Amino acid sequence: MPGLQMARFVGGRGLAALGDQFLLFAIPLLAFKLTGSASQTGLIFLVEWLPRVLFLPVAGVFADRIRGYVLYIGSDVVRAVLGLTAFAVMLLVPDGKFVVLCVFAAGMSVAAAQSYIALEATLPRFVPLDQMARAQSIIQGTEQTSVVAGPALAALLASALPTTSLLAVIGAVYALTTVNTFSLRRWLRTETLSSSSGERTTIRSVATGIGEGVTTLLRLPAVLGLVGVTMTVNLVVGVGMATSAATTVGVFRQPDAYYGALSTGAGIVGILTFFVVPKLMRRLSPLAALMTSYSLICLGGVGVGLANTFLQYALSYALLLGTVGFFNVVIRTERVRRIPREQFAKTIAIIMLLNQLSLPVAGLLVTLFTRSFSPQTIALGSVIGSVCAAVLLIPLLARLRTSPAPPDPAPSHGEGDPAGGRN
């Protein structure tokens, strides 16, 4: 793909990430405004993430069999239609807004799962292994840029428009990404797939593909350790996100714009880490880099739980979410190094299912315990639970000290050598 088209592709996926950030801003805020309940806000977080998690294994099989171009187009079209339809239905049926929001959140989560796995699967097909850390840093930098711009723009729009209007904006954003991706079809269609791409996709073949992903994962103890520690991180981050609207608006009595500033601050921290992560990755071992990033996340979580003022809370929240980018670069790079290429999409889908399973669990915990505990107390408890679980994972994480086995050679009819890059 020529440089100009590659820049357009990266920009298009960045715009999709911007739409994702609009979602993360709009859904909890709408839920809290509609219900006034932190418990109901936790429930919508559960609804938002559970379908995504359950669909991930199927998304992985599709990513091995269908080119990323088709999956990007399909997921973006679905999200555009859902956004515009939800906005219209809320205008026509005001009394059913919360139900519409739940259906909207569930549908968007399934489409997002397919788009995410397609992007993960495409990377090893184009980027050489020795450039993977740099490529992952670029991906994380793009995502963090959307984290900065998304909540700031969403807060600006929310101050000028009804909050429900954000759903129409989200639909329009995904419509634009669809047009952009369609215009790049000439280059994106050249992507080559694994040998399984020629097989007929049936329920049995999908189940077989899922089983192959599980089998591959069980043979990789270091990757299993990464999965475990990521689950603990996502629990802390999930509880922090699920309680952020209730804490900002309900506990500290701040306006909606301050809620948008939370994620913007986290994005700024993430962009700052983007400049230092490649250098740190060269200086630190994978295990040292992993534990450094994990410690920073936990420190942010403790600050969120103990904050007495909104400023303390905002700074801690920025540390909690902003340093996740550092953590992501480490685990993504190690996954690519250690998972056989021909089984990558199937295996990564199982990994993502396990990783993100703790996000709906976080929503469930918030739903159950906000009747007895404050949102900040729940956040602090999630950090304590995370650290206890991470200690048990040390024997598996110690395997990161050993080099992975050389990657299996690509079959003659398979993916071929990576020859380029993507965002």
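Contact here means heavy atoms within 4.5 Å. The model shown is predicted.

**View 1. The contact of helix 2 with helix 8.** Helix 2 spans residues 38-65 and helix 8 spans residues 203-218. From helix 2, the residues P57, V58, V61, F62 and R65 take part in the contact. They meet S205, V206, G209 and I210 of helix 8. Sorted by class, the residues of this contact are 6 nonpolar, 2 polar and 1 charged.

**View 2. The axes of helix 2 and helix 8.** The two helices pack with their axes 9 Å apart, at an angle of about 100 degrees. Angles of 65 to 115 degrees count as roughly perpendicular, so helix 2 is roughly perpendicular to helix 8.

View 3. G11 belongs to helix 1, which covers residues 3-35. The relative accessible area of G11 is 42%. This value lies between the limits of 20% for buried and 50% for exposed, so G11 is partly exposed. In sequence, G11 and T142 are 131 residues apart, while in space their C-alpha atoms are 8.6 Å apart.

View 4. R67 sits in the loop between helix 2 and helix 3, the latter being residues 68-92. With a relative accessibility of 35%, R67 also counts as partly exposed. The C-alpha atoms of R67 and A121 are 9.6 Å apart in space, and the two residues are 54 residues apart in sequence.

Technical notes:
Residues are numbered from 1 along each chain as its sequence is written. This is a predicted model: local features need pLDDT of at least 70, side-chain atom pairs count only at pLDDT 80 or more; totals for chains, interfaces and linings use all residues. Side-chain values use heavy atoms; hydrogens and water are left out. Helices (H or I, at least four residues) and strands (E, at least two) are DSSP runs, numbered from the N terminus. Buried means under 20% relative accessible area, exposed over 50%, partly exposed in between (1.4 Å probe, protein chains only). Axes are lines fitted to C-alpha atoms, for helices over the stretch in contact, and angles run from 0 to 180 degrees between N-to-C directions. Angles under 35 degrees count as roughly parallel, over 145 as roughly antiparallel, 65 to 115 as roughly perpendicular and the rest as oblique. Ala, Val, Leu, Ile, Met, Phe, Trp, Tyr, Cys and Pro count as nonpolar, Asp, Glu, Lys and Arg as charged, and the others, Gly among them, as polar.
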